[in-house]
Amino acid sequence: MTNLFQAPKGVPEYFPPDSAAFLAVRDALAKPACNAGYGYIELPTFEDTNLFVRGVGESTDVVSKEMYTFDDRGGRSISLRPEGTAGVMRAVIEHGLDRGQLPVKLWYAGPFFRAERPQQGRYRQFHQVGVEAVGIDDPALDAEVISLADEAYRSLGLTGYTLMLTSLGCAVCRPPYREMLQTFLGRLSLDEETSRRAALNPLRVLDDKRPEVQEQLAEAPLQVDHLCSECRQHYDAVRTHLAALGVRWQEAPRLVRGLDYYTRTTFEFQHPGLGSQSGIGGGGRYDGLMAQLGGQDLGGIGFGLGTDRTYLACRAEGLSVGRPERCDVFLVPLGDAAKTRIVALGGLLRVAGVRTDIAYGDRGLKGAMKAADRSGARYAVIVGDRDLESGVAQLKRLNTGEQSEVLLTGLVDVLKERLA
RNA sequence: GUGGGUGUAGCUCAGCUGGUAGAGCACCGGGUUGUGGUCCCGGGUGUCGCGGGUUCAAGCCCCGUCACUCACCCCA
């Protein structure tokens, strides 16, 4: 019970049989993007700390107190990536991916890290599948990105989620709105910490969960009511395209996201089945980010979908996703000579595309047959020294129990045929 | 960082007003020296998180500590 080692705090682990569902979720989240012209990008899990400071924003919680930061042996400050977009933008700029035809469409998957207090659905290492579409600010592209996420969730069978959608404005209309909100918040009676937040990041106050705060916010000005005409047009077009795509959403004028770079279209998919963590995926447009990181002034839009949280949402809905790996055939040797022959046979079968497992160790025929049964294989092949003398194997169909003798030399072909 | 809850077998958990640890599942062996799933028989696989205290006696009471967990905060 008292183990010498345990997994680091807040890190989820997946092992059979449940790991099959995790893999299936990850694949399902990526598939719509793969089918829409997005190419895979593999990136480092750690980057120059400054990339996140400049990209995500110094004042965000993610950067100011949730990054795993350390100095490498050359004295450079390194951070485990807390999100994916900044790294993708860095790679796009560094490798000139934005010098060709636009948009650049990329997808990625992998682990991310935030040093938060863990709780249900919130981990220190979590997985995301993300996409980024860079270089074109066509609202139809915004709609595509959102619909890819929606399609991914739907393909898993999820029905209990809601798409929350809003526009956060741009460099033209956000600053005046922000000032307006700040003035409004300044007249309220808020506790010290909330007041500090109102000064630093007023938008963040809007989604305060406490009823006494929400009451005071009833009359708060909203960004969607104060968009410039370009942002207004863009947002209207996004909604038109989304409707055409058959995506359903809910207007969420108080939607707040934790990263500074979001502009215009912003969205979050929420699901009620994961305790107090409701977001299973989210994203938005980030029109100033690339320039901020030293690249061309190109906009982009993307999302990050939480693999762990989507997995939890599937469980909450009672969906069975994915199947554990199974073999077709289970080989059972009896005796040393038979063992040698079986091992060789196993190799031949696998090369021939037949999923094959073997009874290892020496647990006797009974134990081996038990293992064959548990493996879920459709056929067991038993070869004893007695069979070897006459060049045959016993081929047993496990679900019916019927057994026949087959020539060893023709076994691979017989099995391929029966399994076809 | 701040609260609450929980730590007993591989897993899920029971264990009364303190009396020296149990169930189901899983696992292993046998019934069947060449045949699984069902059935029958057998096996407990444990530093009761850790350390201290009270007591004739602590899984149970007290103190401390660690871990896990849920929530606040924040977010995928």
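This is a predicted model: local features need pLDDT of at least 70, side-chain atom pairs count only at pLDDT 80 or more; totals for chains, interfaces and linings use all residues.
**Ground rules.** Local features need pLDDT of at least 70 and side-chain atom pairs 80 or more, while totals for chains, interfaces and linings use all residues. Residues are numbered from 1 along each chain as its sequence is written, chains are lettered from A and ligands numbered from 1 in the order written, and side-chain values use heavy atoms, without hydrogens or water.

**Overall build.** I looked up the secondary structure first: chain A has 15 helices and 16 strands (DSSP runs numbered from the N terminus; helices are H or I with at least four residues, strands E with at least two). Then I checked the dimensions, and the C-alpha trace spans about 95 × 50 × 45 Å along its principal axes.

**Domains.** Domain 1 covers 19-173 + 227-316, and domain 2 covers 329-419; the bounds come from an automatic or database domain assignment. I find their C-alpha centres 49 Å apart.

**Burial.** Buried residues make up 49% of the 420 in chain A (buried is under 20% relative accessible area, exposed over 50%, partly exposed in between, with a 1.4 Å probe and protein chains only).

**Lys209.** I found Lys209 in the loop between α7 (192-200) and α8 (211-216). Buried or exposed? Lys209 counts as exposed because its relative accessibility is 72%.
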